[in-house]
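The sequence and the model come first, and the explanation follows.

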Amino acid sequence: MNRRSFRDIHGILLLDKPLGLSSNQALQTARRLVGAAKGGHTGSLDPLATGLLPLCFGEATKIAGWLLGSRKAYEAEVKLGQTTTTADLEGEVVETRPVPELDDAAIDAALAPLRGRIVQVPPAYSAIKQDGVPLYVRARRGEAVDVPSREVDVYRLDVIGRTGDTVRLHVECGSGTYVRSLAVDFGANLGCGAHLTGLRRLWVDPFLAPAMVTLDQLREAAEAGPDPLDACLLPVEAGLAHIPRVDLDPEQTRVLGFGQPVPLGPGPSAGRCGVRGADGRLMALGEVGGDGILRVLRGFNLPPV
């Protein structure tokens, strides 16, 4: 599909990212297949990882950064007894240690300090930038990388299976959490080391039971025509399904259309909301203050319903 084939498409694609592709490679492939003039993703998955990668096209890109901070869930596979340069199986093994006899209580005791609000050191091989340069670029150059620690939220961290020295974990966490670092810290707490050998993202809030689309399914839809392709997309408002909706009357719609704050009076509670105009069209991601005034955080320019 050449550039002249690109269309103004607005929506969200719940892509099942395949193994081996970076998030940007997956985005660009999907964008070409869909024919979207503009696209962005909502948070990187390593090439090693598979699973849910919400892609935003057109006006949906305006909420991509907001979705980036959403709660996420993963299934992780951790190999005990070895540490690697990258904290996953793509790196070189730097140390091998025997794995002790472990019962459920010992494993849970090693996981317990990693739950809740914790301080975590991200991997040196990560996309975090220092002075505009990703850390993994510095690490691959052989430069000494000083990775600052940061606080992250781990809401759930449970064992869901074990085979030999491989443990499968269910992880629910907040934005900025590195599951690779959880694997490393888990191994350190056990005294034998560990690294991540598999990772699948299960869901991203608000897409808690996502009907994911693979790239192969997207290719089949592209061959069948624009209607099957469009059927793969969720509307922009699907990304706002977990926040309240505010419907405006014609006068409020006119005022908001000029970018001006709208007094709502009693009714809607303070906080973020999806704002619809008098015609039912999604107009904005807004925020209602304690004073009952609605202000626009992100305005949308969507076609008529």
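Which residue in E15 does Val 246 stand opposite? Val 246 stands opposite Val 275 in E15. The model is a predicted one, in which local features need pLDDT of at least 70 and side-chain atom pairs count only at pLDDT 80 or more, while totals for chains, interfaces and linings use all residues. Residues are numbered from 1 along each chain as its sequence is written, and side-chain values use heavy atoms, with hydrogens and water left out.

The sheet provides a place to begin. Strands (E, at least two residues) and helices (H or I, at least four residues) are DSSP runs numbered from the N terminus, and two strands are said to pair if DSSP finds at least two bridges between them. Strands of a sheet pair through backbone hydrogen bonds, either parallel or antiparallel. Here, an open sheet of 5 strands runs in the order E13-E15-E16-E17-E14, with mixed pairing, and its edge strands, each of which pairs on one side only, are E13 (245–247) and E14 (262–263). E13 and E15 pair in the parallel sense over 3 bridges, whereas E15 (residues 271–276) and E16 (residues 282–288) pair in the antiparallel sense over 6 bridges.

The side chains of Arg 281 and Asp 279 meet in a salt bridge at 3.2 Å, N to O, where a salt bridge is a side-chain nitrogen of Lys or Arg within 4 Å of a carboxyl oxygen of Asp or Glu. With relative accessible areas of 23% for Arg 281 and 49% for Asp 279, each residue counts as partly exposed, the class between buried (under 20%) and exposed (over 50%), as judged with a 1.4 Å probe on protein chains only.

By the salt-bridge rule the count comes to 19. Glu 172 forms one of these bridges with Arg 71, the closest N and O atoms being 3.1 Å apart. Because Glu 172 lies in strand E11 (residues 166–173) and Arg 71 in the loop between helix H2 (64–68) and strand E4 (72–80), the pair ties together parts that are 101 residues apart in sequence. Glu 172 is buried at 11% relative accessibility, whereas Arg 71 is partly exposed at 34%. Both residues belong to a network of salt bridges that links Arg 71, Asp 108, Arg 115, Arg 156, Asp 158 and Glu 172. Arg 71 also lies over the face of Tyr 155, at 4.0 Å from the ring centre; the rule for such a placement asks that NZ of Lys or CZ of Arg be within 6 Å of the ring centre and within 35 degrees of the ring normal.

A further salt bridge joins Arg 117 and Glu 151, with the closest N and O atoms 3.3 Å apart. This pair links distant parts of the chain, since Arg 117 is in strand E7 (residues 116–120) and Glu 151 in strand E10 (residues 150–163), 34 residues apart. Arg 117 counts as exposed, at 52% relative accessibility.
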